[in-house]
Each structure stands twice: as structure tokens, then as C-alpha cells.
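This report concerns one protein model and describes a selection of its local features. The sequence and structure come before the description.

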Amino acid sequence: MGIKFLGLLMVSVLVAYYLYSPVPENVEDCWKLMLLNAVLRTVGHVATIAEKLGFANYMDVMMKITIIEYTPPASDEKVIVTDTKFNDVPVRLYVPKGQPDTLKRAMIYLHGGGWCVGGSGMKSYDFLSRWTSEKLNAVVVSVDYRLAPKYHFPAQFEDVYAVVKYFLQSSVLDQYNVDSSRVCVSGDSAGGNLAAAVAQQLLHDPEVKVKLKIQVLIYPALQTIDLDLPSYRENENMPILPKSLMVRFWSQYFTNDTSLKEAMETNQHGPTESSGLYKFVNWSHWLPERFKKSHIYTTPSHGSSKFGQKYPGLLDPRAAPLLVDETKLRGLPLTYIITCQYDVLRDDGIMYVSRLREAGVPVIHDHVEDAVHGAISFLTSPLTLSMGQKMSNNYIEWLNENL
Ligand SMILES: *[C@@H]1O[C@H](CO)[C@@H](O)[C@H](O)[C@H]1NC(C)=O
Ligand SMILES: *[C@@H]1O[C@H](CO)[C@@H](O)[C@H](O)[C@H]1NC(C)=O
């Protein structure tokens, strides 16, 4: 009896220890988040072991979440949903049934998942796109770009850009009855990175005549050269996206070579060529005081790193949209940026807000004090997080008024 009880007690303590993650007190659904995070950590541990034993790549195991969460395209009474291809790139298309004779708005949506996992067919993204289509009476094109580690940068960007160029042709917009002056691009996390890159590239693309009305960047990743921002320091072990996972995502976006990941962990990866670029991501200059707190700024060491020659993508604005001068920002469309307090990517988003404003771009910044990265992916039961619901309500409401 005594031994069984003791055993049970020890197992309970271990489970409690394992479940526990440092969720700040002001975050709602604290326990749900811990539980969710415990599941994600477990998958992460399995992935690490599988990789160490040589069974599978870490991301192949993480990809199982995307596969389990897959839902086929299904129309309902309000929205027609189909899987198709634009310019040979798979997309999931949402066409609203309401008001068939009026011109519609449109959104190109880019899902998150660190360029390595995720898909428009995941329940969470399917739900968000369907809901957007219905609420805004908008055509939504959700892009299934190729993923790392099978495909590295710039495959992801190129797929997305091919879809954007296809869709923005007047003949195609006409076919879907879309008002060409009311089209936006939106994405979360790695998708926010791709959305920002798309908006920048479109500005100077003579082949595209239609202009985006809005870009929406939901907790985007925007730069590669300084992974020691205050937000990385403070949120290193936050649920959903710890620094270790973000570093994995960044490095795998460019290469399978693990030496880049190791260098990124200690912020030693900054290529020699990047010294002139630090001013674009100098958080001591671009962050408001309340985010700098007592953190001390040091320029990342970049002594002899050869990563810039090996992986030029590291310094390419299509991967790191913050690494451009002001002339490349001027003229960008009205921008809506969501950042979360408890997110390693927080300061990427906030620095972009500052830089866009300095370049004269109108920006609406929705900083959510009590949210973690990824919140908008938890809108369906049993994985509902109220912080995600609030965030998505504000987002849709704002788009309804502004798109
Ligand atoms: C990187 O690894 C993935 C997964 O193991 C593989 O499919 C891909 O071909 C590799 N890429 C290169 C360039 O070796
Ligand atoms: C970063 O910004 C601070 C404050 O504006 C400035 O003193 C420092 O020289 C800058 N460093 C770099 C590398 O741009």
C-alpha cells in the first residue's frame, strides 16, 4: 500500500513538474495553455530523440501535428471551399456565397509554422480563413507553399509570390468578382514574415499593376541577424514558441547544416557583411523605453562568420524584411501589426512599427499585453484560448472597417 502510494505521489510530482511552464499570471486560460504546451513539448522531445537516433528529421515529427490537424476542404451554407492551384502552387480557396452581385474584397492568407510546418488545411487555419471569408464577404486564398527542411529559402517566398502575382491579375480578380482596390495580404508568424516580404517586393514590381490596400502582420518574424533582443531574452522559455524552436525554424529555413543553428543559439551567426545592417535592427534605437527595460544593448558579434556567403538568404529582405533602408519602406500600404508581450518575436514586430512610421507608412499597432505567440491558432474547441478569440475578433472587426 505504502509503496503504491509513494509511487503514485512521485508520478504525480513528475507529471506536475512536466506540465508546469512559466506562464505569466495575467495570461487567461493559464492551465489550458500549460496543458497545450506539455503536448507540444512532448512532441518536441520525441522529435529530438527520433533525430538523435537517426529515424527522422526533427521537423518530420513536428509535421505530424499538421497532419493530425488536417481537415479536407468542405463547403457550407455560406462559403464554397475548394483546393486548387494558382500558378502551380496549391491553395485553398474560400468564396463567399452571400451578395453574389456585389464586388467582393479579397485576402491572400499565409499560414505560420516557421516555414517548416503548418498548412492551410489545418483545422485552425481552415477555421480562420472560412470565418474571414464569411464575415468580410471576401475571397480568401490560403497558400500551401513548400516547406523546409525539404525546401529551403527562397522556395517558400517564391511559391507565395507566384500565387500573389497570379491572383492580382485583373482577369483573375474579375473572374472572382473581386474589387481590385480592396485586396490585402495577411499572415501569422512565418506567414507574417512572408506577407511583409510580399508587400515590399510588390512595391517595386513593374509587372503588377494592382496595389495592396492593406498588409496584416500577426506576430511576424522579421529579421535574422540579432536573436538576442529583449523579447528573446525575456521569453526564452515561453509556451508555444521557445527560443530554441525559433532558432531551429530560422536555421532550417536556410539549411540543414546544424552549425548555423548552433551559432544562432549564441547570436554568433551574424555574417561579416551585415555590419552595415545592424542599424536597421538596433533595438536600443527602435524600441520604446517600456520594452527596453534595463536590458543592455550589445552589437551582435560577427567577427569571422562565413554564414553570409554560404547562406545569402540570411541577409535577403525576402527573408528578413527589416533589413532594408527607408526607401524600400516608403509607400507600403496601411499596416496592421499584432504583437504579443510574451513572445520572442515581439520586438521584431515593434521595431517594424517604428521603422514603418518613420518612413511615413500608416500603422495600426495592436500590442496584446496578456498573450503568447500563436494565440490566433487556438480558436476551435477543445483548443480554444480566449486571448486568441479576442485577438481574432479585433482583427476581423478592424478589417471589416478598413479593407
Ligand atoms: C535536408 O533534409 C531534408 C529532410 O531530411 C531532405 O529532404 C533535404 O533533401 C535535405 N536538403 C539538402 C539540401 O540536403
Ligand atoms: C544603437 O543605438 C544606440 C542608441 O540610439 C546608439 O547609441 C548606438 O550607437 C547604436 N548602435 C549601432 C550599432 O547602430
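The sections below cover helix packing, ligand surroundings and backbone features.

## Basis of the description

The structure is a predicted model. Two packed helices are described by the angle between their axes and the distance between the axes.

## Helix 9 and helix 10

Helix 9 spans residues 243–254 and helix 10 spans residues 258–265. Their axes are 9 Å apart and form an angle of about 140°. Angles of 65 to 115 degrees count as roughly perpendicular and those over 145 as roughly antiparallel; helix 9 and helix 10 are therefore oblique to each other. Their crossing is right-handed.

On the side of helix 9, the contact is made by K243, V247, R248, W250, S251 and F254. Helix 10 contributes L260, K261, M264 and E265.

## Helix 3 and helix 9

Helix 9 also packs with helix 3, which covers residues 58–68. Here the angle is about 110°, and the axes are 12 Å apart. Helix 3 and helix 9 are therefore roughly perpendicular to each other. The crossing of this pair is left-handed.

From helix 3, the residues in contact are Y58, M59 and M62. They meet L245, R248, F249 and Q252 of helix 9.

## Helix 5 and helix 7

Helix 7 consists of residues 190–203 and packs with helix 5 at an angle of about 60°. The distance between their axes is 10 Å. The angle makes helix 5 oblique to helix 7. Helix 5 passes helix 7 in a right-handed crossing.

Helix 5 takes part through Q156, F157, V160, Y161 and V164. The residues they meet in helix 7 are L194, A197, V198, Q201 and L202.

## Ligand 1

P149, K150 and N256 are the residues around ligand 1. The side chain of N256 has an N or O atom 2.4 Å from an oxygen atom of this ligand. Ligand 1 exposes 360 Å² when taken alone, and the protein buries 43% of that area.

## Ligand 2

The surroundings of ligand 2 consist of N282, S284, H285 and T299. An oxygen atom of ligand 2 is 2.3 Å from a polar side-chain atom of N282. On its own, ligand 2 has 370 Å² of accessible area, of which the protein covers 47%.

## Cis peptide bonds

F153 and P154 are joined by a cis peptide bond with omega of about 5°. P154 belongs to the loop between strand 4 (138–143) and helix 5 (155–167).

A cis peptide bond also joins S381 and P382, again with omega of about 5°. P382 is located in the loop that runs between strand 8 (363–372) and helix 15 (386–402).

## Positive phi at N137

N137 is a residue other than glycine with a positive phi, near 45°. N137 is placed in the loop between helix 4 (123–136) and strand 4.

Definitions and conventions
Residues are numbered from 1 along each chain as its sequence is written. Chains are lettered from A and ligands numbered from 1 in the order in which they are written. This is a predicted model: local features need pLDDT of at least 70, side-chain atom pairs count only at pLDDT 80 or more; totals for chains, interfaces and linings use all residues. Side-chain values use heavy atoms; hydrogens and water are left out. A residue is near a molecule or strand if one of its heavy atoms lies within 4 Å of it. A polar contact is a pair of N or O atoms within 3.5 Å; within protein, one must be able to donate a hydrogen and the other to accept it, and residues adjacent in sequence count only if both atoms are side-chain atoms. Accessible areas come from the Shrake-Rupley method with a 1.4 Å probe; for residues, only the protein chains shown count as cover. Axes are lines fitted to C-alpha atoms, for helices over the stretch in contact, and angles run from 0 to 180 degrees between N-to-C directions. Helices (H or I, at least four residues) and strands (E, at least two) are DSSP runs, numbered from the N terminus. Angles under 35 degrees count as roughly parallel, over 145 as roughly antiparallel, 65 to 115 as roughly perpendicular and the rest as oblique. A crossing is left-handed if the near helix is turned anticlockwise from the far one by less than a right angle, and right-handed if clockwise. Contact means heavy atoms within 4.5 Å.
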